[in-house]
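These are my notebook entries on a single structure. I set down what I looked up, in the order in which I looked.

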Amino acid sequence: MPPSNDHSQLADSAAIPVIDLSSLRSSRLDERQELAQRIYDACTQVGFFYIKNHGIPDALIHELHNAAAQFFSLPEEVKMKYYIGNSQKFRGYSPIGGETSTGTEDDPISREEAGIMLSEAFDIGYEIAMDSTKGPGASLPPDTYGLYGDNQWPDEQTLPGFTQKYVEYCVAALDLCRQMMGVFALALGLQENHFDSSMRTPGVTSRMMHYPAQPVPGQVQEGLGAHTDWECFTILSQSHVPGLEILNHHGEWVLAPPIEGTLVVNIADCLSTWTNKKFKSTIHRVNNLSGEERYSIPFFFGVDYDATIAVLERYTTSDNPPCRTPFKAGEWVREKLSKAYLGYEG
Ligand SMILES: O=C(O)CCC(=O)C(=O)O
Ligand SMILES: [Fe+2]
């Protein structure tokens, strides 16, 4: 297990709770507060939880998984037309071996040490069309960190309806994330609208992932190395095939198996920093040992790239000073992306 001077990246418990989000949209504050309490417990103890009754239609999720399977079954030379290395902004297709494990804060991995991961991915980022709060005249903000726009969508002849389906999913996921930031604010003892001014054009990204079955039975090639996510939190849709594991403080990897009708939520570095690591940005990894193809679709919710992440004063004491000096969300994400993708040097 990686050395750790605190337990903020390790789950206390193997039990990943299932939280019913029905009251997320309740008009009653006491019901939203009760939900916030359950979320607080999950974020401070595990850093991971499942959500049910989240409001994203099952049919849409199912169709998007079909679209992902179709994309990855395209010939390699067709997928390479959308190669991530063509993009200045980390958008597009990353073939097997195109990405490297960066490790964790306490246990970083250099490019020389990192092995080839058995996964391929297709990455996209925020667009106005994904944002239900934006009208037709809206445009992207100044791109100080080189992270807004420039998605490399597959063309319509190759994959009809793919772009529309993915954008439709992002609209629903982004709406859900904004609502969840309200409940996170309540959980942290803040006004429900505390984060609203930091999520006008939020730094969201999403990716489709494909983890092939192990090529040599009995030999395990890692699908995605141990890491924490970088933004505020992640909403993950996994297919019926297990593979996601989270690290607990006994140094044991605990499976987070797919549960029908749920999505997985995990806290990431920026929200963890805001709380002085009270909310855990828990280390996780993926190994596909199932013998089947595995697909997953994470949606990474980050705040505006020019938002400042500064530890909330209420989570500091003289014995527990801020874990980091303030930084811009875009700075952090860009640095992490530059390390993870081969072919980018910052
Ligand atoms: O594929 C999964 O289940 C998890 C993916 C993940 O952790 C990530 O993309 O950051
Ligand atoms: Fe992750």
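I began with helix α6 (residues 329–340) and compared its length with expectation: at 1.5 Å a residue its 12 residues should span 16 Å, and the end C-alpha atoms are 17 Å apart, which agrees. The expected span is 1.5 Å times one less than the number of residues. I take helices (H or I, at least four residues) and strands (E, at least two) as DSSP runs numbered from the N terminus.

I noted that this is a predicted model, in which local features need pLDDT of at least 70 and side-chain atom pairs count only at pLDDT 80 or more, while totals for chains, interfaces and linings use all residues. Residues are numbered from 1 along each chain as its sequence is written, and chains are lettered from A and ligands numbered from 1 in the order in which they are written.

Which residues of α6 are buried? I found A329, G330, W332, V333, R334 and L337. Buried here requires 20 or more other C-beta atoms within 10 Å of the residue's own, exposed 12 or fewer, and partly exposed lies in between, with C-beta atoms placed from the backbone. The cover over these residues includes α5 (269–274), β13 (308–309) and β14 (327–328); contact is counted when C-beta atoms, placed from the backbone, lie within 7 Å.

I turned next to strand β5 (residues 205–211). Six of its seven residues are buried, so β5 is largely enclosed by the rest of the structure. Strand β4 (residues 120–125) pairs with β5 in the antiparallel sense over six bridges, and D123 stands opposite R207. Pairing requires at least two DSSP bridges between two strands. Five bridges join β5 to β12, again antiparallel, with F300 in β12 as the bridge partner of T205.

I then traced an open sheet of four strands, whose order is β6-β11-β8-β9 with antiparallel pairing. Its edge strands, β6 (224–227) and β9 (253–255), each pair on one side only. The twist averages 25° from one strand to the next. I counted two bridges between β6 and β11, and I found L224 opposite V286 in β11.

Terms used:
Two residues are in contact if their C-beta atoms, placed from the backbone, lie within 7 Å. Axes are lines fitted to C-alpha atoms, for helices over the stretch in contact, and angles run from 0 to 180 degrees between N-to-C directions.
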